[in-house]
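Biologist: Could you walk me through this model, taking the strands and then the contact between the chains?

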Amino acid sequence: MSASGGLLRSFWLRLPKSVRRRIVFLVAGDAVLLGFIWWKAAQSRASFADEVGRMAPNVAPSILAALGQTGIICCGAMDLSVGSILGVAGTVFGVLHARGVGPGGCFAACFVTAFGLSAYNGWLIRLLRIPAIIVTLAGLAFYRGLALILAEVASHGFGQQFTLTGDAYHRPGELYAGWILLAALVLALWGECFAKTPRMWLALGNSEAACRLSGLEPARILFGAFLVGGIFLGLSAVLDVTNHITIEPARLGAGFELSVIAANVLGGTSIFGGQGSAAGTALGGLFLYLLGPAMLYAGVDEYWRTAVQGAAILAVIGIDCALGRRRKLMEELR
Amino acid sequence: MPDPLIQLSGLAKSFAGVAALRDVDLTVQVGEILGLVGENGAGKSTLIKLLSGVESPDAGTIRLGGRVVALTSPREALAAGIAAVQQELDCFPHLAVAENLMLGERWPRRPWGGVDWPALHAEAGRRLTQFGVAIETHRMVEELTAAEKQEVMIAGAVARRARLLILDEPTASLSEPEVRRLFSHLRRLREQGVAILYVSHRLDEIFELTDRIAVLRDGALIGVHRTGEIDAVRLVHEMVGRPLEQVYPHARGGHLGPPLLELEGISHRGLFHDVSLAVRAGEIVGLAGLVGAGRSELARAIYGLYGVERGMMRVDGKNWRPARSRDALRAGVVYIPEERKRQGFVLDHPLEAGISIGFSDQLTRWGMIRGRREWARVREAIERYAIRATALSQPVATLSGGNQQKALLARWLEREPRVVILDEPTRGVDVAAKAQIHGLIDQLAARGKAILFISSDLGEIVGMSDRILVMNRGTVETELRGPEMTSHNVILAASGLYSREAARGTEPGPELRPS
């Protein structure tokens, strides 16, 4: 078997048909949006390369977090608290910055906080044997409160926000966001192709009972997914804080979990677990993001953008499913 | 006799105070196929759960090769060499064949840490070949047929050095040639010294395949026989066993009205084929058969939940082609499903709402439910159907199983339907409620409804029905009338073993239906 044949087999042919179809669909969708932006940029004599370069820091946090979430959703679980975790991590970053800690320390603490809370989620689920969606729903509120308490306790005279001064706290995002995203995506795809753990996640999402009968430990597998998800969430948090001049513990990352889950759903990950792909998630996250600048260029009224975004999600999934159903019907009729 | 591979002594298990298995002593020899038979609820699946480590016994010991083992998880059971292959649900549809086969084990790795896929697939392929099947290991399991899935799972169990293989109803979704293949696999495994516990309702298969047969009834082991030394009639007698003196109501007179439900050669690929039957007004027709024979599927097709590909259906003499379940309600066809918890009720809702939802369209004016009228109708229904509840607002979930079932009946029967299809109406219901439900069904027939009555409870179906149709492998094969209607004959017919000539020779069973 040739090397490329092996890769094709271990990556592409392994995916369920519906996920493969969704990936093709999203590649086309992303290409259309990028083409549109390129065309509009050319018209207005803006540089397309600049436009794309600007995207990276903006799109990286949500795609990174979405990649981490893919593993969790594949297990048939979900982490609803990612937005609040982002809030806590950002607050830690802001507090340390206010206390004069250098950029390296701030970034490290931010990463560790996000990773730690994600791991804590996984541990709690394993300990309490409560569905992940419930534990993390509680986390959604709890961690937001934690961010506020942290800000209040750790910094004297805390207003509503931390202002981040100093280039060193913003540069990493601008310079490396694209590369970090790329590296993380390669890592995720590599894992999907060559590691055993992601297959365990899929197996768990397929059937928990069957996992148990095969002598596997479902709780441990899910915990693993939260640990890996934590790494991606940590990277996401680090890149997200570099985007902000000010950090508001009450608002940082609010609603983030929805775009993270939307990227997954759009990318063909089954919300009930058992199928999904990092490639689909990345493409889905990109699509969601590209809608923003595309609408900006198309001159869509600001008030309409969120609604259009929602409609676009429904349209992509609706058309894809309708096509899938028709194809399935044809197969059955044959 | 050599030392047994597995020796169970005094094994017992109860769930919520109800004994599911009591004091079972059983041995399985190396290289033997032991058949395990019994009616629904006899304790077969509990025994399987104990052996495969899903549940732990309350009392008794399991000896494996002479040593006492504690099987507290499926993992330990697997490690001890006991593998249960249950339904096809227990595999991973979105993983490749090789991944399914090797899931609980170490996978071959490359020096840099990645999974060595070619090696993994080669190993999986080797296992399949060794077992004697050729299935492409890269295929997704969801693309496989039921038989292929099963072969993969058995091959996996064998490759893990299973010494005892437990098969639960393995042929439920297999075609005849596939059954032959499975049997040849199993016989070969027996020669290799694997012990097999073969659980099935299909007595023909049990007689063909097994070396010995163990009979469970009401949680107790009734007997173990060499297969050659017992015949079907005696085996069935042991399975049914009970001195069935329960009296079934029979209020209705012999008068039958015109046929209200008629089916002519209806088919749905993969579910049932060429089914013809008629149910007349005032008649209770029992529909018997094994799980998977297509009874519920047929019922749902009549109700309009599955399309019918060929054949004709008539309700009340008029052509019947339901597109939605609403059509069925309008035409007076009611289907009361088997799994009341999943398909029947919103368990947290109050009883009142649970009942009135069945006829809420008759209660509304301009889209608003008239509370007083609802209250009155529900009160009436609760009395008529003898539902025991503390208040109308009591959540359905807190009612006993029998009262839930009666409430479900009340919901639909208040509509005064003409054709009533009952799917296992007394499953999981206590004896007293059972008798009341029987009474209700009898009254319904007396009021001129046509009733199609699906049940796996042999005593009940024999006692309640005017005629019994027995389904086997997707079609109605046998019709039993009058003195032919005995539990024995129903079991034999459900396995395709019934023949009228043979039946004529034997004396009627002890439980002739009361007339």
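**Strands, sheet and interface**

Modeller: Six bridges link strand β9 (residues 212–217) of chain B with strand β10 (residues 220–226) of chain B, and the two run antiparallel. Strands (E, at least two residues) and helices (H or I, at least four residues) are DSSP runs numbered from the N terminus, and two strands pair if DSSP finds at least two bridges between them. This is a predicted model, in which local features need pLDDT of at least 70 and side-chain atom pairs count only at pLDDT 80 or more, while totals for chains, interfaces and linings use all residues. Residues are numbered from 1 along each chain as its sequence is written, with chains lettered from A and ligands numbered from 1 in the order in which they are written.

Biologist: Which residue takes a positive phi in the hairpin of β9(B) and β10(B)?

Modeller: B:R217 stands opposite B:A220 in β10(B). The hairpin has two residues between its strands, and the one with a positive phi, near 50 degrees, is B:D218.

Biologist: Which are the edge strands of the open sheet in chain B?

Modeller: The sheet has four strands in the order β2-β1-β4-β5 (chain B), with antiparallel pairing. Each edge strand pairs on one side only, and these are β2 (18–28) and β5 (67–69) of chain B.

Biologist: How many residues of chain B are in contact with chain A?

Modeller: Two residues are in contact if their C-beta atoms, placed from the backbone, lie within 7 Å. On the side of chain A, 23 residues take part, and the number in chain B is 22.
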